[in-house]
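The sequence and the structure come first, and the description follows.

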Amino acid sequence: MSAEIDGDAAGDVAGDIDVLVLGGAGVDTIVYVPELPLPYADSYMIDGGIRARAGQTGDFVALGLAALGLRTHHLDFLGDDPEGDLVRALHRDRGIGLTAIPQPAGTKRAVNMVSPDGRRLSLYDNSRSRPDDRFPEDTLRALAAASRHAHVSITHPCAEALPVLREAGVGISTDLHDWDGENPYHEAFAYEADVVFVSVTALPDPHATMRRIAARGRAEVVVATAGAEGAYLLTGGEVTHVPAAAPPAPVIDSNGAGDAFAAAFLFGRLRGEPPRRCAEYGALAGAYACTVPATESAALSRAGLPGAATAPGAVTAPAAAASQSGA
């Protein structure tokens with residue numbers, strides 16, 4: 001199985017990568033619905049159109065990192081199909097390095113139903129991967145060796161890549177999304193990462209889950225995002241609350257807000273900022289993401305983070321995609 005290297009990927013491997021993003025590449029079909037849950041009916045007329053665009057969790061984290069000026073590379077499986085072409089085009093247009101492993105089952109895809117208040121219901125096509133899928137070890141090792149940090153999506157087969165990343169000595173982060181605190185699938189990610197993000201959505205006791213992640217695993221920092229209620233930050237054995245940032249425009253859609261939060265947090269961490277400042281960066285980026293229509297792909301630039309343009313420790317790479325405009 002040979003890797004398909006797009007853009008400046010070869011240069012990335014030979015040089016330096018700030019963040020290697022694993023997994024989470026795919027295409028979402030966006031459907032604006034009148035309400036959620038959607039009452040049963042034979043049919044609905046969708047005035048806002050039905051649109052497909054590249055951008056699942058790994059894509060959006062990579063987009064957010066690149067917009068903040070971090071040298072970013074994305075590794076995942078892609079099919080030789082129209083969805084794969086959309087993902088390749090997104091990375092090419094935003095200057096994000098991409099290594100695509102051929103996926104005969106096709107590129108990952110989902111349908112996102114979005115309500116007028118910005119809430120989302122996602123339907124994921126689980127047929128677009130195979131149980132025996134694995135990242136080629138030589139490719140993974142080469143990319144890890146060139147990277148300062150790796151952000152690992154919880155999509156298959158990223159769990160199998162964790163030992164290689166740990167052996168390479170790179171920092172590791174992951175986002176458990178709406179983990180219920182019990183599903184064993186998420187545990188490999190939760191207990192191997194140095195930085196763990198999780199949503200409070202399905203957690204009966206977020207603080208207890210955060211402390212369990214830190215106690216059983218390697219996490220130095222655990223962040224539980226709570227939407228409009230802000231986030232909870234566990235570091236140094238203490239949980240503190242980080243208020244939500246005020247959105248700079250009307251809230252349209254929450255899609256990608258958690259990915260934006262993670263990207264901005266990691267930007268701060270790689271600059272040497274304290275965890276609290278990193279979480280404040282995340283809150284700003286997450287709030288901005290809520291103002292972007294689900295049919296577009298945009299991320300907060302470094303100019304949107306107070307002090308990020310001039311403070312010591314700034315990342316020196318130019319922002320390849322530091323635009324706040326849509327795709």
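## An antiparallel pair

Strand β3, residues 27–32, pairs with β4 in the antiparallel sense, over five bridges. Within this pair, V31 stands opposite I50 in β4. The structure described here is a predicted model.

The loop between β3 and β4 holds G48. With a relative accessibility of 33%, G48 counts as partly exposed. The C-alpha atoms of G48 and V33 are separated by 8.7 Å, and the two residues are 15 apart along the chain.

## The open sheet

The strands β3 and β4 belong to an open sheet of four strands, in the order β4-β3-β7-β8, with mixed pairing. At the edges stand β4 (50–54) and β8 (120–124); each has a single partner strand, so one side of each is left without a neighbour in the sheet. From one strand to the next, the twist averages 25°.

In general, the strands of a sheet pair through backbone hydrogen bonds, in either a parallel or an antiparallel way.

## The helix across the sheet

Helix α3, made up of residues 82–94, lies across β3, β4 and β7 (109–114). The helix runs at about 55° to β4. How far apart are the end C-alpha atoms of α3? They are 19 Å apart, which agrees with the 18 Å that its 13 residues should span at 1.5 Å a residue.

The buried residues of α3 are E83, G84, V87, R88, A89, L90, H91 and R94. An α-helix has 3.6 residues a turn, so residues three or four places apart point the same way. Just after α3, G95 takes a positive phi of about 70°.

## A covered strand with parallel partners

Strand β2, residues 17–22, is mostly covered, with six of its six residues buried. Which strands pair with β2 in the parallel sense? Strand β9 (residues 147–152) is joined to β2 by five bridges and runs parallel to it. Strand β5 (residues 72–78) also pairs with β2 in the parallel sense, over four bridges.

L20 has a counterpart in each of these two partners: it stands opposite A150 in β9 and opposite H73 in β5.

T225 lies in strand β12, which covers residues 221–225. Is T225 buried or exposed? Its relative accessible area is 17%, and residues under 20% count as buried, so T225 is buried.

Leaving aside residues up to four places away in sequence, T225 touches V198, S199, V200, G230, A231 and F261. The C-alpha atoms of T225 and G258 are separated by 7.4 Å, although the two residues are 33 apart along the chain.

## The chain as a whole

The protein chain has nine helices and 14 strands. Of its 327 residues, 52% count as buried. Among contacts between residues at least 6 apart in sequence, 69% join residues at least 24 apart. The accessible surface of the chain comes to about 13800 Å², and 53% of this belongs to carbon and sulfur atoms.

## Confidence in the model

The chain averages a pLDDT of 89, and 90% of the residues score at least 70. Over residues 7–11 the pLDDT is below 50, and this stretch has four contacts in the model beyond near neighbours in sequence. The pLDDT is also below 50 over residues 311–327, where the model has 46 contacts beyond near neighbours in sequence.

Key. Residues are numbered from 1 along each chain as its sequence is written. This is a predicted model: local features need pLDDT of at least 70, side-chain atom pairs count only at pLDDT 80 or more; totals for chains, interfaces and linings use all residues. Side-chain values use heavy atoms; hydrogens and water are left out. pLDDT is the predictor's confidence in each residue, from 0 to 100. Contact means heavy atoms within 4.5 Å. Two strands pair if DSSP finds at least two bridges between them. Helices (H or I, at least four residues) and strands (E, at least two) are DSSP runs, numbered from the N terminus. Axes are lines fitted to C-alpha atoms, for helices over the stretch in contact, and angles run from 0 to 180 degrees between N-to-C directions. Buried means under 20% relative accessible area, exposed over 50%, partly exposed in between (1.4 Å probe, protein chains only). Accessible areas come from the Shrake-Rupley method with a 1.4 Å probe; for residues, only the protein chains shown count as cover. The expected span of a helix is 1.5 Å times one less than its number of residues.
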